[in-house]
Amino acid sequence: MSFWRRNKKNDTKKNTIEKEEEPDSPASPIKSPIIESDGLDPVITDFRLQLPDNKDDLKDSGSSTSSEKSDLSVALEDCMAVLDLFLRNDFEEALSRLRSRTKDSMYHALTYATILEMQAMMTFDPEDILAAGNTMKDAQAVCQRYRKKSSFNSKSFTEEELHAEVCYAECLLQRAALTFLQDENMISFIKGGIKVRNSYQIYKELHTVLKSSGYVHGDNHGHFEGGVKLGVGAFNLMLSLLPTRTLRLLEFVGFSGNKEFGLEQLQEGSAEQTFRSFLCNMLLLCYHTFMSFILGTGEGDVEDAEKLLQPYLKRYPKGSIFLFFAGRIEEIKGNLDAAIKRFEECCEAQQEWKQFHHMCYWELMWCFTYKRHWKMAYFYADLLSKENAWSKATYAYMKAAYLSMLSREECQTFGESEVALFRQVPGLKQKIAGKSLPTEKFAIRKARRYNVENPIPLPAPPLEMMYIWNGYTVIGKHRDLTEGMLKTLDEAQQKLEQHPRTEFSIDDQCVVSLLKGLCLKHLGHQEEAEHYFTLVLCNETQIKFDHYLVPNALLEHGLLCLEQGRREEAIKLLEMAKQNYKNYSMESRTHFRIQAALHKARATEQNGENSPSSP
């Protein structure tokens, strides 16, 4: 399957939409779709990059004709040196060196904006997100100045103009990524479809240029090719993860994705020593260690992640970002003590950017959750609630959840009560770019029951939130961790059976059943696991509050069937989960996981192998 295929039946619809939404520019040489892009120069959205008829034209215009290095080569070398500073934890020096040239160099502007975006992705602070977005917009304006002014009819591109195209596309892609950071359900991403489409089209055409017979390598060809591989790989990977219903909304602009081809492009980009190698590497590490778990079924390639990380860890042994990923890799392997050590090393490595500390605190909280060390888990949730702005409501909920697992005497040493903390959760709700975080919504819904005088306690709140973050895939690799969690769930079930029946009883029993089913599946007790998943489905009509349980039980049952080779039954259960339920907690995340499970099922149908396709 070719990634860059077009959905021909939608072409007419697409063109109609373009005519309605994108006015023709009177200055255009011919009528062509134009976008007024946030105050920037008009951007042609349906162009074709054409190489000169004479190959020497591109060679002469793109390569240095003197012994001196071109401004482009000098800028790239300087940005590579700045990136080296950043990876050695010298963050402010790196930003300072970039800041002086952000108005006149597209690569300095792009690198500066990229570092600020990385910072925003670590803090989730609304001010950081806004600053990163504005800085990336400024970088896009700088790139615009270097782009060919009439690309639609162009006959030749200098090397600098080709680099301007790839930098411009990268700015658009990163601005779109910020919208995803703000809104996990992709609605903002789709609303920003003009940016996405423009970036997509540029990468598509640049990929064609690279493959054409008329393209001649310039002095900085490797950096240009790396930029194209980053964009093509990122688009393929990103679009392949989207739920089917989201893809339908994107189809009017001809989007499609191939995960295997995307991973291949990023691997190739990572293997070269170019400006984008680090970003290709980071995207692959994020996919294997985070995206495949949070938005998938935990199918990331941990061995591949280790291979990608080792050269960087060897060169930057104290590099915070690499120590963090080293800890995450140990964590998802179930080596919790080794993971804790790595995260502690990451915190000790530098004090300049506390954001890295906060990322480690989050992972340390989960490591101690998996070990059922509730006091230490509370300690890190408390640190986050005091120091990090991402979600005060979620942190308060987790603090309360951990206290609920301790005795009354043990709680007294912390000076806080679980009931008081649960009652604080709704008041701590925040909005990022006008959107509430899905995790916060989940925490607020779960905490509602504590707003009465004598609340009915949640059965095992840390273990339930652990499922939301796909933690059972982590502990499932170690029998002792899974057996310990099953023991805690058995104790929770006994408490439920001992207490009088309430309006929450069925919901609470189904929560415990879903989680017990997961533990039993990982312990190899497949029939018992299937029994508990089915139990949730049987109680569907009696569930009053936790409506997310049924589609997730179907998802887990489908994955169990897939493990047993019952592929057709698995697909049926997964399609039921996808089609029959809506408006429940964490719905988007569940749909991402369903999409990943269906992809896995259909890959199994094709003998378990999907070979990468070329455009």
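Arg97 is partly exposed, with a relative accessible area of 32%. Here, buried means under 20% relative accessible area, exposed means over 50%, and partly exposed covers the range in between (1.4 Å probe, protein chains only). The model is predicted, so local features need pLDDT of at least 70 and side-chain atom pairs count only at pLDDT 80 or more, while totals for chains, interfaces and linings use all residues. Residues are numbered from 1 along each chain as its sequence is written, and side-chain values use heavy atoms, with hydrogens and water left out.

Arg97 meets Asp78 in a salt bridge, at 2.5 Å from N to O. A salt bridge is a side-chain nitrogen of Lys or Arg within 4 Å of a carboxyl oxygen of Asp or Glu. This pair links distant parts of the chain. Asp78 belongs to helix H3 (residues 71-87) and Arg97 to helix H4, 19 residues apart. Helices are DSSP runs (H or I, at least four residues), numbered from the N terminus. Asp78 counts as buried, at 19% relative accessibility.

Across the whole structure, a search finds 28 salt bridges. Side chains of opposite charge can pair when their charged atoms come close. Lys399 lies in helix H19 (residues 392-403) and Asp382 in helix H18 (residues 374-387), so the pair ties together parts that are 17 residues apart in sequence. Both Lys399 and Asp382 are buried. A network of salt bridges links Asp382, Lys386, Lys399 and Glu416.

Lys446 forms a salt bridge with Glu464. The closest N and O atoms of this pair are 3.0 Å apart. Lys446 sits in helix H22 (residues 438-447) and Glu464 in helix H23 (residues 461-468). The pair links distant parts of the chain, 18 residues apart. Lys446 is buried, with a relative accessible area of 5%. Glu464 is buried too, at 1%.

Helix H23 is largely enclosed by the rest of the structure, because 8 of its 8 residues are buried. The buried residues of H23 are Pro461, Pro462, Leu463, Glu464, Met465, Met466, Tyr467 and Ile468. Just after H23, Asn470 takes a positive phi of about 60 degrees.

Aromatic residues were examined next. Rings of Phe, Tyr and Trp (its six-membered ring) pair if their centres lie within 6.5 Å. Planes under 30 degrees apart count as stacked, over 60 as edge-to-face and the rest as tilted. By this rule the count comes to 33 aromatic pairs. Tyr312 and Phe322 form a stacked pair, 5.1 Å centre to centre with 25 degrees between the planes. Tyr312 is in helix H14 (residues 302-315) and Phe322 in helix H15 (residues 320-332). This pair links distant parts of the chain, 10 residues apart. Tyr312 is buried, with a relative accessible area of 15%. Phe322 is buried, at 0%.

The rings of Trp362 and Trp469 have their centres 5.2 Å apart and their planes at 70 degrees, so this pair is edge-to-face. Trp362 lies in helix H17 (residues 354-370), whereas Trp469 lies in the loop between H23 and helix H24 (472-475). The pair therefore ties together parts that are 107 residues apart in sequence. Both Trp362 and Trp469 are buried. Ring pairs link Trp362, Trp366, Tyr370, Trp390, Tyr395 and Trp469 into a cluster.

Charge also gathers on the surface. Patches are made of residues with over 30% relative accessible area and no salt bridge; like charges are joined within 9 Å, and nonpolar side chains (Val, Leu, Ile, Met, Phe, Trp, Tyr) within 5 Å. Lys and Arg count as positive and Asp and Glu as negative, with His and the chain ends not counted. Asp90, Glu92, Glu93 and Glu352 form a patch of negative charge. Glu92 is in helix H4 (residues 91-99). Glu92 is partly exposed, with a relative accessible area of 39%. A patch of positive charge gathers Lys429, Lys441, Arg445 and Arg448. Arg448 lies in the loop between H22 and H23. Arg448 counts as exposed, at 52% relative accessibility.

Ala596 is found in helix H30 (residues 587-605). Ala596 is partly exposed, with a relative accessible area of 21%. Ala596 and Glu299 are 297 residues apart in sequence and 8.8 Å apart in space, C-alpha to C-alpha.

How values were computed: Accessible areas come from the Shrake-Rupley method with a 1.4 Å probe; for residues, only the protein chains shown count as cover. The place of a charge is taken as NZ of Lys, CZ of Arg, CG of Asp or CD of Glu. Helices (H or I, at least four residues) and strands (E, at least two) are DSSP runs, numbered from the N terminus.
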